[in-house]
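In this notebook I record what I looked up in one structure, entry by entry.

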Amino acid sequence: MVGEFLPSTPILKEFLTLGKPQEIQLKKVNIQSIFNDVAILLRSKANLRNVEISQEFQPNLPQVLCDMNQFKQIFINIIKNSIEAIPNGGFVKIEGYVEDGNLLMKIIIDNGFGISKERNKH
């Protein structure tokens, strides 16, 4: 049909979902599956810059109560920034684990050039 656009790939559907303003919907989700979705979305950008995206999640992490789309957007922003901060190839790694029995920690590590002191002020 003329004027109708139906995305044919999961990646296009994901971008359309993230791009639409939506009502916040809290539900328990598996944080590792959210990361996997984001890694798929950003893999081609990472490949162009010779950056490897990896993960290390502790087994059996508890689910997190959150808005899945907002959490995906956070991951996209942080990982995309990490990829762009790595000029000549490298890595972006995310780790997830429980600390002190009830705290879910997220660490995103990269070997980029970091934020200058001047820029960090802003």
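**Entry 1. Overall layout**

I counted the secondary structure and found four helices and five strands in the protein chain. Helices (H or I, at least four residues) and strands (E, at least two) are DSSP runs, numbered from the N terminus. Read along the sequence, the elements follow the pattern α-β-α-β-β-α-β-β-α.

I noted that the model is predicted: local features need pLDDT of at least 70 and side-chain atom pairs count only at pLDDT 80 or more, while totals for chains, interfaces and linings use all residues. Residues are numbered from 1 along each chain as its sequence is written, and side-chain values use heavy atoms, with hydrogens and water left out.

**Entry 2. Burial, contacts and surface**

I looked up how much of the chain is buried: 27% of the 122 residues. Buried means under 20% relative accessible area, exposed over 50%, and partly exposed in between (1.4 Å probe, protein chains only).

Next I examined contacts, which are heavy atoms within 4.5 Å. Among contacts between residues at least 6 apart in sequence, 72% join residues at least 24 apart.

The protein chain exposes about 8,700 Å², of which carbon and sulfur atoms supply 53%. These accessible areas come from the Shrake-Rupley method with a 1.4 Å probe; for residues, only the protein chains shown count as cover.

**Entry 3. The largest nonpolar core**

Which residues touch the most other members of the largest nonpolar core? I found Ile 31, Phe 35, Ile 53, Phe 75, Ile 79 and Ile 83, out of 22 residues in this core. Helix H2 (31-48), strand S2 (51-57), strand S3 (64-67), helix H3 (68-84) and strand S4 (90-99) each supply at least two of its residues. The largest share, eight residues, comes from H2. A nonpolar core is a set of buried Ala, Val, Leu, Ile, Met, Phe, Trp, Tyr and Cys residues joined through side-chain atoms within 4.5 Å.

I then followed one member. Leaving out residues up to four places away in sequence, Ile 79 touches Phe 35, Val 38, Leu 42, Ile 53, Val 92 and Ile 108. As background, nonpolar side chains in soluble globular proteins tend to be buried together.

**Entry 4. Aromatic rings**

I searched the whole structure and recorded three aromatic pairs. Rings of Phe, Tyr and Trp (its six-membered ring) pair if their centres lie within 6.5 Å; planes under 30 degrees apart count as stacked, over 60 as edge-to-face and the rest as tilted.

Why is the pair of Phe 35 and Phe 57 tilted? Their ring centres are 6.0 Å apart and their planes stand at 55°, so the pair is tilted. Phe 35 lies in helix H2 and Phe 57 in strand S2, so the pair ties together parts that are 22 residues apart in sequence.

The rings of Phe 35 and Phe 75 have their centres 5.9 Å apart and their planes at 80°, so this pair is edge-to-face. Ring pairs link Phe 35, Phe 57, Phe 71 and Phe 75 into a cluster.

**Entry 5. Salt bridges**

A salt bridge is a side-chain nitrogen of Lys or Arg within 4 Å of a carboxyl oxygen of Asp or Glu. How many did I find by this rule? The count comes to five.

Lys 72 pairs with Asp 37, the closest N and O atoms being 3.1 Å apart. The two link distant parts of the chain, with Lys 72 in helix H3 and Asp 37 in helix H2, 35 residues apart. I checked their burial: Lys 72 is buried, at 3% relative accessible area, whereas Asp 37 is partly exposed, at 29%.

Glu 56 forms a salt bridge with Lys 93, at 2.9 Å between the closest N and O atoms. Glu 56 lies in strand S2 and Lys 93 in strand S4, so the pair ties together parts that are 37 residues apart in sequence.

Lys 80 and Glu 84 meet in a salt bridge (3.4 Å, N to O). They are four residues apart in helix H3 and therefore separated by about one helical turn. Lys 45, Lys 80 and Glu 84 are linked in a network of salt bridges.

**Entry 6. A buried glycine**

I located Gly 89 in the loop between H3 and S4. Is Gly 89 buried or exposed? Gly 89 is buried, with a relative accessible area of 17%. Not counting residues up to four places away in sequence, Gly 89 touches Arg 49, Asn 50, Val 51 and Asn 111.
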